[in-house]
Protein chains: 2
Amino acid sequence: MESTVTLDKVARQAGVSSSTVSRIINGTARVSAVKRENVLRIMSELNYHPNVLARGLASGRSMGVGVLTQDISSPFYGSTLRGIESALQGTGYHPIFISGHWHVQEELEAIDFLLSRRVDGVIVLGGGVPDMRLQDVARRLPVVVLGRSVPGLEDQCLRLDNFAGAQQATRHLIELGHRNIAHIAGEASHRDAQDRLEGYRAALDAAKLHFDPDLVQPGDFHEASGFLATTRLIEGRTLFSAVFAANDQMAYGARLALHRKGLRVPEDVSLVGFDDLPGSMYTTPPLTTVQQPVEDMGHAAAQGMLRLLRGERAEVQPMNIRLVIRESTVRRRSS
Amino acid sequence: MESTVTLDKVARQAGVSSSTVSRIINGTARVSAVKRENVLRIMSELNYHPNVLARGLASGRSMGVGVLTQDISSPFYGSTLRGIESALQGTGYHPIFISGHWHVQEELEAIDFLLSRRVDGVIVLGGGVPDMRLQDVARRLPVVVLGRSVPGLEDQCLRLDNFAGAQQATRHLIELGHRNIAHIAGEASHRDAQDRLEGYRAALDAAKLHFDPDLVQPGDFHEASGFLATTRLIEGRTLFSAVFAANDQMAYGARLALHRKGLRVPEDVSLVGFDDLPGSMYTTPPLTTVQQPVEDMGHAAAQGMLRLLRGERAEVQPMNIRLVIRESTVRRRSS
DNA sequence: CGCCCTCAAGAAAGCGCTGTCAAACGCGGC
DNA sequence: GCCGCGTTTGACAGCGCTTTCTTGAGGGCG
């Protein structure tokens, strides 16, 4: 435990060459059973742990997979990270997380950081890194992208059908008899937010319902913006009996704003979110929302990465999105 | 962008020795201005990024700080990770996260992993790694521990006063006139949970209130257990007008269970949580809870780590815990 | 019985960088 | 013009491991 135990030390102790020890560790070649046993025993006696840095330097593979996320503490991405972590478990590869905080410059630096860390592959979760840069990186090492589609890398991209999800959510409200459905939009610059807005409009169109711009309020995917948007909605002159928020966090904010104004969910106003965060099952009432299989997505992305690392094709399959109907939506009162 | 750019390549291109380039990068020694300019220019032309592995191997410092957390997607630890990340930002050090999943064996392996990764320091977030192992590790490199106190390492431990927090929460309910206060306990094996239970009892004792074991229900810190515990409470024979849950997630579950049984919060039952998760401000009604400065804690822990890395003392200061009174608690109806 | 082939094991050359040591250089002073 | 001093710079030996190339010992076969 004093001075670090090196492979050489183990080799000397066991009376073999360092090559032999290396071979035993990596299973790179046959080694006589006697020597193997002996070396393994000494390794555990000395409590030897290979130096990953040296190993990476010598072999050219660091056994690290870079994961560029936006916010390590985001309830949405959190589960995805968990999925990645669990899929990598036991494969010898290990995730290295780094956050871009929805800031292109920071994301670019994060990628440079990962590259200088000599990761063997990169998983990118959304964000705003220019396609070109990703294509660039993909030329050098395996890349899997979640939540967006990069030209030329389509089969390594795991997209979610935000449009269809939003459409489904809105249709659900329409089928319940709602005619005046408000929408709290997400950060306008996010592709996801745009798609969800489009899905909302498409559902209205399909039902031949009038699209009222007054019923669409901007938000930024955080609770506070949902609260504000809903307050504006209530104080506005346009009536509505249902709200579709572009994500669950904003739906939480909306829920509180309605509560403050004495409006009950779902009796007075139906509410639908998007994401199905872990907490959405336990709001009062439990929230109807579009479920993104976030953890599975992480898992699938990591699986794709492992395939790429083995030299195969990523073959990531598009994931299913589905509406989870809970108790925040009911048929519109005939009144 | 083809074959990786090495320091040697830059040196040759610039017509200087690799030592000189190294010196320019690290600022280890004076270098004539002309050469510096020239080398810097070539570095950016070639888009050179030092190989962190090689650097770590040669210098013995990997510039990585290992962070042993329990669950990368936990809403509670998430903010702490964020705090660590932000404190390390710009210092040259980078966090390497790994989860133990509240599983001692896994945590031990995680520590081995970090050591073999040759991190320069380790931050441990709670968990069940035996004190001895932590003392062992601390002998080899800087260690900061969050949420528990390890003998001999006291000044590198950042403890939260769970006892005082729970006491405060309970006292608050008592001051509002509540006499029958239920408690949903956390995972019995967690020190935090035990301390919170003790705080609850202490507050009751101080007010000369009878401690009724029937009003204490076991939980496991997750929503579902809060729901179950509260259901048991309601169906039990002992009346209560307030619930103190050992964490916010269980309080959410309790909230839903009360709702299901037609009990209103706070009119019929007052509810207090613990942690002040980001979402607790937006529950209906907003939750009264004990605030742990989770992000600040991460920040402080990382600061302490940086100090240790500079060879100074950690000097981590105990953090303040405080009760945030929102709308889930009210004076008991005189009825 | 000798030759060639096979397979285990060792020697040694890096991987890309840091850091020590010594050489080279320039400068002022005598 | 030469000496000594303080700087800038280069050469080189690792850091701990992988991997190629060799060596050496058996083993099968003619």
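A polar side-chain atom of B:Arg30 sits 2.8 Å from a phosphate oxygen of DNA strand D. This is a polar contact (a pair of N or O atoms within 3.5 Å; within protein, one must be able to donate a hydrogen and the other to accept it, and residues adjacent in sequence count only if both atoms are side-chain atoms). The model is predicted: local features need pLDDT of at least 70, side-chain atom pairs count only at pLDDT 80 or more, and totals for chains, interfaces and linings use all residues. Residues are numbered from 1 along each chain as its sequence is written, chains are lettered from A and ligands numbered from 1 in the order in which they are written, and side-chain values use heavy atoms, with hydrogens and water left out.

Two further contacts reach the phosphates of DNA strand D. A:Asn26 places a polar side-chain atom 3.0 Å from a phosphate oxygen. B:Ser17 uses a polar backbone atom, also at 3.0 Å. Helices H2 (18-26) and H4 (52-59) of chain A, with H2 (18-26) and H4 (52-59) of chain B, are the elements that give two or more residues to this surface. Helices (H or I, at least four residues) and strands (E, at least two) are DSSP runs, numbered from the N terminus.

The surface divides into 9 nonpolar, 12 polar and 5 charged residues. Here Ala, Val, Leu, Ile, Met, Phe, Trp, Tyr, Cys and Pro count as nonpolar, Asp, Glu, Lys and Arg as charged, and the others, Gly among them, as polar.

Now the backbone. Most residues other than glycine have a negative phi, and most peptide bonds are trans. A:Asn47 has a positive phi of about 55°. A:Asn47 lies in the loop between helix H3 (33-45) and H4 of chain A. With a relative accessible area of 35%, A:Asn47 is partly exposed (buried is under 20%, exposed over 50%, partly exposed in between; 1.4 Å probe, protein chains only). B:Trp102 has a positive phi of about 50°. B:Trp102 is partly exposed at 37%.

Chain A also has cis peptide bonds. One joins A:Val265 and A:Pro266, with omega about 5°. Another runs from A:Thr284 to A:Pro285, with omega near -10°.
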